[in-house]
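Let us take a walk through this structure together, one stop at a time. Keep the sequence and the 3D view open as you read.

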Amino acid sequence: MADTQIVVDKVLQKDVNKVFSTAVENAELIDIDEGLLLATTTGNLNIRATHDFTRQNGEEVIRQSTRSAVQTLFNSLWQLPVEQVEGTYVVTLPEIKMWLPREKPIPKKRAVTKWQEYAKSKGILNKKKSRMVWDEAAKEYKPRWGYKRANDGTQDWLIEVPANADPMEDQFAKRQTAKKERVAKNELQRLRNIARSQKRKVPGVGLTPTEQPSKDTLSKALVVARKSTASLGKFTEKLPKEKPSKFTGKKRKFEPSIGDLKNERERQLKILDVNAKKVPTINVTKATNRALRESEEQRSRERPSRKTPKKQKGKGASAGRKGGGNKKNRVKRNK
Amino acid sequence: KPKTQRGRRALEKKEPKIIENTKHALFLKGGNTSQTVSQVLKELHTLKKPCATIFSKKNMTRPFEDQSAVEFFSSKADCSLFMFGSHSKKRPNNIVIGRLFDGQVLDMVEFGVDKFVSMQEIRAQKTPVGIKPCLVVSGEFFDENDDNKRLKNLFIDFFRGENVNKICLSGLEHVISIHAVNGKIYIRNYRVLLKKSGSRIPRVELESMGPSLDLSMRRTRLASDDLFKRALKKPVEAKPKKKKNISRDDLGNKLGRIHMKTQDFDKLQARKLKGLKRSAPKKNKENTEAKKQKIDSTS
């Protein structure tokens with residue numbers, strides 16, 4: 001019985017070796033790029049000898065060589081790490097070895113917006129918000145934004161008039177205008193970010209609407225109103241007691257390039273005088289302030305008037321600090 | 001300026017990206033086409049589906065003379081590969097395979113179809129549409145000179161299929177074989193049959209299916225070396241970042257490496273253990289003595 005078994009095994013083995021082997025001859029001539037599922041046969045093949053490409057023979061030769069190449073490719077593909085994804089066995093392909101050209105150029109880095117810069121400097125991270133939010137009124141989960149959202153202010157059929165508000169004011173219209181202002185502000189910020197990324201000049205905003213305008217805002221508003229004519233305020237008459245405003249919209253003052261020759265000459269000659277003098281000119285106020293400050297500092301250093309000792313760093317700290325609760329070692333202060 | 005989310009997404013898809021989309025192919029017909037050429041275009045289009053679009057109308061253009069038409073169509077259809085088929089007395093059964101970079105033609109190669117056997121003529125079961133094919137390129141021809149190497153690159157780019165990181169092993173059914181000898185190129189399509197073998201890896205048997213093309217090279221218009229180099233450039237962000245200071249020993253344990261400054265052991269801050277405190281013993285005696293005296297004086 002055992003003998004027959006051995007014979008059967010041998011026969012089967014032979015057959016297996018013949019037909020069902022995954023071995024490929026000349027496997028070294030085949031270059032495999034698993035990432036591309038590519039098998040390249042470098043080197044000679046039998047085909048090159050056939051000048052007469054008879055259809056049947058040629059086809060068969062191509063098929064055989066392709067089969068060997070594909071077998072080599074599969075041999076290496078089956079060696080790759082396998083994972084199971086949703087019931088099927090999936091293999092992770094390695095990086096592509098061959099360099100293939102891109103279809104579009106490499107994208108340029110996008111400019112950082114003002115908020116992104118700020119968030120980066122402060123370390124603010126973008127926390128993902130959940131889509132559904134609990135709506136107390138409806139007692140169910142509703143989307144945070146969009147159709148049938150939770151806490152929808154637009155669907156309110158009743159708005160309570162707050163205590164400090166004008167009873168005749170239209171609260172619904174107020175909400176609408178507030179929304180419009182928010183949208184406009186957002187659009188403005190967006191355009192400003194784009195202009196900054198393109199390094200274009202951004203015109204000054206001038207004056208944006210605020211809830212409680214301050215005194216500065218009022219004076220600014222006066223100036224802006226004055227200027228907002230077709231001729232940029234050149235022909236607007238001054239009010240009886242109007243003073244020239246500090247708010248000119250300019251951040252730096254430049255002298256006119258031509259005009260005041262006397263002033264210019266004086267200034268240029270002054271430069272020469274200053275350089276020529278060997279003794280430096282003294283700014284009296286600065287000097288007196290500095291002297292006063294120094295005397296004050298010295299006084300404070302001499303007088304140990306502080307009840308709680310000033311925080312000293314380094315050697316001072318370890319010397320001054322006392323051991324915890326060991327009253328034996330405590331040095332008594334001279335009374 | 002997109003007004004809808006859908007429009008915005010469509011624009012974003014066409015933008016240049018660090019990791020790019022799969023290259024789509026555009027199949028065009030010229031002023032006059034023969035039946036072979038139309039069939040070639042149609043069948044290769046089905047092979048490349050869904051990453052392909054075919055234009056049904058004829059276009060009176062000649063790619064080798066004026067590339068603007070091809071560039072325009074490709075930019076509209078967002079395709080960076082194209083195949084243009086035409087037929088004339090001078091160039092019968094002509095197909096032009098090409099690719100674009102940044103909206104401009106990069107490489108273009110013209111072939112004449114000497115023999116074409118359609119999918120329908122070969123009575124065999126076909127593979128499903130849209131699977132990623134395995135590519136086999138053989139022949140010394142492709143290593144002869146730089147132009148032929150570029151041609152090999154073009155073929156691989158064209159027939160590549162979708163860009164994937166992972167693939168299901170049972171889904172490897174289609175093989176495209178490109179063989180070049182004596183200046184002629186033979187493209188064959190096979191279906192893979194996996195047979196049992198002695199080991200875990202199956203034995204591969206191929207069955208001829210899809211279209212088979214015999215091509216002979218005609219004209220070429222290949223990009224200059226520096227333009228090609230520019231197209232090959234890879235973005236820095238796409239390079240995988242090396243993880244430093246992490247290694248694995250032979251047992252499979254993960255080891256890490258920490259770099260520290262030199263430590264002065266005298267000045268290390270350890271826990272306070274009063275017994276180990278180095279305090280001067282004389283001083284203690286003095287204090288205790290002083291206290292004792294005081295107590296004596298008061299008592």
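## A guided tour

B:Pro50 is found in chain B, in the loop that runs between helix 2 (35-48) and strand 2 (52-58). Please keep in mind that this is a predicted model. What kind of peptide bond joins B:Lys49 and B:Pro50? The bond is cis, with an omega of about -5°.

In chain A, A:Glu86 has a positive phi of about 50° although it is not a glycine. You can find A:Glu86 in the loop between strand 3 (82-85) and strand 4 of chain A. Is A:Glu86 buried or exposed? Its relative accessible area is 80%, so A:Glu86 is exposed. In chain B, B:Asn245 likewise is not a glycine and yet has a positive phi, of about 65°. B:Asn245 sits in the loop between helix 5 (225-232) and strand 12 (246-248) of chain B. With a relative accessibility of 39%, B:Asn245 counts as partly exposed.

Now step back and look at chain A as a whole. Its secondary structure comes to 8 helices and 6 strands. Chain A has 335 residues, and buried residues make up 16% of them. The accessible surface of this chain comes to about 30300 Å², and 54% of that surface belongs to carbon and sulfur atoms. How do contacts in chain A span the sequence? Among those between residues at least 6 apart in sequence, 34% join residues at least 24 apart.

A:Lys139 is exposed, with a relative accessible area of 52%, while A:Glu136 is partly exposed at 48%. Exposed means over 50%, so A:Lys139 at 52% falls in that class. Another pair in chain A is A:Asp135 with A:Lys142, where the closest N and O atoms are 3.5 Å apart. Here A:Asp135 is buried, with a relative accessible area of 6%. Buried means under 20%, so A:Asp135 belongs to the buried class. In chain B, salt bridges link several residues into a network: B:Lys23, B:Arg99, B:Asp107, B:Arg150, B:Asp157 and B:Asp225.

The last stop is the place where the two chains meet. Here 73 residues of chain B are in contact with 59 residues of chain A. The area buried between chain B and chain A is about 6100 Å², and carbon and sulfur atoms give 59% of this area. Which three residues supply more of the area that chain B buries against chain A than any other three? They are B:Leu169, B:Ile201 and B:Arg203, which supply 10% of that area.

Polar groups take part in this interface as well. Between chain B and chain A there are 25 residue pairs in polar contact. On the side of chain B that touches chain A, the largest share comes from strand 10 (residues 203-208) of chain B, with 6 residues. Across the interface the rule finds 4 salt bridges. Among them is the pair of B:Glu20 and A:Arg102, whose side chains meet at 3.5 Å, N to O. A:Arg102 comes from the loop between strand 4 (88-92) and helix 3 of chain A, and B:Glu20 from the loop between helix 1 (5-14) and strand 1 (25-29) of chain B. Are A:Arg102 and B:Glu20 buried or exposed? Both residues are buried.

Technical notes: Residues numbered from 1 in each chain as written. Chains lettered and ligands numbered in written order. Predicted model: local features only at pLDDT ≥ 70, side-chain atom pairs only at ≥ 80, totals over all residues. Heavy atoms only, no water. Helix = DSSP H or I, 4+ residues; strand = E, 2+ residues; numbered from the N terminus. Buried < 20%, exposed > 50% of the residue type's maximum accessible area, 1.4 Å probe, protein only. Contact = heavy atoms within 4.5 Å. Areas by Shrake-Rupley, 256 points an atom, 1.4 Å probe, with all protein chains shown as cover. Buried area = accessible area lost by both parts, 1.4 Å probe. Polar contact = N/O pair within 3.5 Å; in protein donor to acceptor, adjacent residues only side chain to side chain.
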